[in-house]
2 protein chains.
Amino acid sequence: MNEDKNIVIIGCGAGGGTAAQFARKTNRKAKITIFEKGKYPQYSKCGLPYAISGKIPKIENLIEFDKDWFAKSKIDLFLETTVEKIDTKKKKIYAKKVNKTIEKTYDSLIIATGAKPFKPKIENNDLDGVFTLRTIEDAKKIKTYIKSCKYATILGAGLIGLEMAENLYKLGLNITIVEALPGILSNNLDGDMAKIVAEKIPDKIKIFTNSQTTKVIGNNKISEVIIKNKETNSENKIPTNILIIATGNKPEVSLAKSIGCKIGNSGGVLVNSKSETNIKNVYAIGDCTEFLDFITAKYILVGLGSIAVRQAIAAGTNAAGGLYELPKGILNTSTSKFFDLEVASVGPTTARLNDYTVVSAHFNGSSLPDYFPGGRPVSVKVIVDKYTGMIISAQILGENAAQRVNTISAAILGELDVETFRKLETAYAPPIAPTLDAITLVCDIISKKLKR
Amino acid sequence: MNEDKNIVIIGCGAGGGTAAQFARKTNRKAKITIFEKGKYPQYSKCGLPYAISGKIPKIENLIEFDKDWFAKSKIDLFLETTVEKIDTKKKKIYAKKVNKTIEKTYDSLIIATGAKPFKPKIENNDLDGVFTLRTIEDAKKIKTYIKSCKYATILGAGLIGLEMAENLYKLGLNITIVEALPGILSNNLDGDMAKIVAEKIPDKIKIFTNSQTTKVIGNNKISEVIIKNKETNSENKIPTNILIIATGNKPEVSLAKSIGCKIGNSGGVLVNSKSETNIKNVYAIGDCTEFLDFITAKYILVGLGSIAVRQAIAAGTNAAGGLYELPKGILNTSTSKFFDLEVASVGPTTARLNDYTVVSAHFNGSSLPDYFPGGRPVSVKVIVDKYTGMIISAQILGENAAQRVNTISAAILGELDVETFRKLETAYAPPIAPTLDAITLVCDIISKKLKR
């Protein structure tokens, strides 16, 4: 690919940065420009909780591609630069860096504007000590602020909320988690599986589910939060020196909207498997987008860095004149680790499968044959479509949960039915894995249920 | 399934025992009888090397289902009983226990006679201190004998040879490995990958490849072996107190042959995906059989316990009146661990792909994102059919090699091409796995090669 092409990318997160990289790989002559509002080039947002605790020694370690890398790749990177307007007729964007306006013509435009933390309306939530966590700047502020803190309260028991809880717990803080829904990790796990994770969380960390934070109390600085159980209406006062709000994100789509990009029901820019929007030559990727769910074929918000990166590969390649098409939808393969328990999932939870008649099973196995010392628990739930027998989703807790989920992800991508998948030859050796793995044994149970 | 049926199984290894178990699960009323030559009911042969070193504390721990279990399941188990004759017209088998002859009528017969260690012709290989390893009895003898040994020589650098080498090394013995082929693990790995494994083996363990053992020397007891390099003809004298022969197995098919079962080119009974032989109502499973390779569609010897168990599920279920069909062939997913390096593979090595035009790539990645401390190497080779793009095989070394190979096994079973598989969404989280896993990154390289 050698044609001269202007590619403009708005946003230099994992999405924007990766898109630039793949545009460059695809087209050595293209002019590639990135505009990024923030101070830092491409870094790992997912690593922030671990940089706050010091598990990752320096926050700047999270920068995956620095300014030099972009310079070497001949990608023009404008940091602390805000795109103010896009003119799709002139194919021009207008950006502002301090007081200077920058104009840039594009042949292809990639919108990678990400998302903003969603802050529920709570009285006094602008006091000192109330934080959200999305950027390096946020992490730096939190890392400094917690030095004087004894009590941390975290709103939201999703992946990020729990990751923050664990990292702050390891720093010696007293932790309270407040979750509005009846269980933790409800985006990733069914209630029965989430319960097993909750049991692994040390008793010292208090978890209030079904609870809303109604008020932040303090003089300038936060000192307490008032929470209210949504069922019983009983209130609790939680001593709080720092409040971390981790109740999800809102796609940042104002620029996309301004040029007529179609926005979905969840507020994200609708994109297809080439990362194209409905506007010609305009791509969108990452947390500001909605893409189809592989199973339900419904648009869902893209909320995972791993998906953003894959969309970015598509957008960068296509914008530069190549051809890259993702699978027909998102699997939502995801993982994390809480207090040494690995948690992984792929596909919709049962709550998102109202339109389906499903059969599921849960199996508790071991990572090693019974006779070999050192085996650790592996707990697997698999959900299957009752009528087609196709594997829809899986939730795994324990040893190598993520790698085990990857195997089921491959099965879903390959549209294998449970009858075929349960006969998969998995690798066996006494020090490594049992003859029959929990991921296929659970499918034997489902197979039996289907034949009833 | 309630019909009264006589099921006779010859051999109570992992295959025979599992077949009995699934026959019982399928048919509560069936009369199930097992005849086993040896002293012990179903145990793990694969665990023997670890029981010799004491990693598994007692050799008897390897017994997975004991006599009581068979009694409770109402399975008649005859130990130390040799089947001498099968009469397919009368549907009768004749067995001998000490001097007593036992006659048994069958409706379905399952042959699970396993294999015998192959002992190459070497002068004096009947001296004390020369062993093969196949049974608990062998392991017990070796465990006692090594107490007085300082030097161990192992013939064969396959999985079992190397597992023995590591376990004896950990007991403090001086180890020499002698392999006739140019590299180690040639059944599982290509030369380039095997070399990486060889480099992980401590220098103190001497490996002679391309070498034959020509003579065993000793008075009653072995004291030395003479080995000869097949290229240079140079000879070496290796001080040896114990010689372990691990040069493969020969299927035990005399009974199957006697009733007209078709035998394949590698000496095993030919079976289909229902574990049926060519003789009506006669099934065969495990190391005494040949089944189709999933990729090449050629008959190959079954050499893995994991496959024996899967064939046994099919044979046991079908013999008892159920229906269970395995996939169209064997993937040969396998794994082991040598000196903390996990090794896993699926599908034929390049040497077995003469009839194919293949494209392969090798990628060295990490188990974690670069910024997260503690990442370990993951080295992946994938082989793809040049014309169809289908994934044929994979060889992985390093962190979670076995689980990673399982994901590729699922892709092969689902007949995914490399273009689809490389876009697989793998689970990502900083403490667990990188955004893009080595198993898909290697496929990106192959995709590029295919497009050239």
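Colleague: How many helices and strands does chain A have?
Modeller: Chain A has 11 helices and 26 strands, where helices (H or I, at least four residues) and strands (E, at least two) are DSSP runs, numbered from the N terminus. Please keep in mind that this is a predicted model, in which local features need pLDDT of at least 70, side-chain atom pairs count only at pLDDT 80 or more, and totals for chains, interfaces and linings use all residues. Residues are numbered from 1 along each chain as its sequence is written, while chains are lettered from A and ligands numbered from 1 in the order in which they are written.

Colleague: What makes the radius of gyration of chain A agree with a compact globule?
Modeller: The radius is taken over C-alpha atoms, and the globule rule is 2.2 Å times the number of residues to the power 0.38. For 452 residues a compact globule would have a value near 22 Å, and chain A has 23 Å, so the two agree. The C-alpha trace of chain A spans about 65 × 60 × 40 Å along its principal axes.

Colleague: Why is B:Phe118 called partly exposed?
Modeller: A residue is buried if 20 or more other C-beta atoms, placed from the backbone, lie within 10 Å of its own, exposed if 12 or fewer, and partly exposed in between. B:Phe118 has 13 such neighbours, so it counts as partly exposed. B:Phe118 is in the loop between strand 8 (115-117) and strand 9 (130-132) of chain B.

Colleague: Why does A:Ala297 count as exposed?
Modeller: A:Ala297 has 9 other C-beta atoms within 10 Å, so it is exposed. This residue is in the loop between strand 20 (289-292) and strand 21 (299-301) of chain A, and A:Ala297 has a positive phi of about 60 degrees although it is not a glycine.

Colleague: And what makes B:Asp340 buried or exposed?
Modeller: B:Asp340 counts as exposed because it has 9 C-beta neighbours inside 10 Å. B:Asp340 is found between strand 22 (334-338) and strand 23 (341-346) of chain B, in the loop; its phi is positive too, about 70 degrees, although B:Asp340 is not a glycine.

Colleague: Which residues touch the most other members of the largest nonpolar core?
Modeller: Those are A:Ile111 and B:Ile111, in a core of 295 residues. A nonpolar core is a set of buried Ala, Val, Leu, Ile, Met, Phe, Trp, Tyr and Cys residues joined through C-beta atoms within 7 Å. Leaving aside neighbours within four places in sequence, A:Ile111 is in contact (C-beta atoms, placed from the backbone, within 7 Å) with residues including A:Ile10, A:Leu255 and A:Cys288.

Colleague: How many residues of chain A are in contact with chain B?
Modeller: 54 residues of chain A are in contact with 53 residues of chain B. Helix 9 of chain A gives the largest share of that side, 10 residues. The side divides into 29 nonpolar, 18 polar and seven charged residues; Ala, Val, Leu, Ile, Met, Phe, Trp, Tyr, Cys and Pro count as nonpolar, Asp, Glu, Lys and Arg as charged, and the others, Gly among them, as polar.

Colleague: How do you know how the two copies are related?
Modeller: Copies are superposed by least squares on the C-alpha atoms of residues with pLDDT of at least 70 in both. Chain A can be laid on chain B with an RMSD of 0.0 Å by a turn of 180 degrees and a shift of 0.0 Å along the axis. The copies are therefore related as by a two-fold rotation axis.

Notes:
Contact = placed C-beta atoms within 7 Å.
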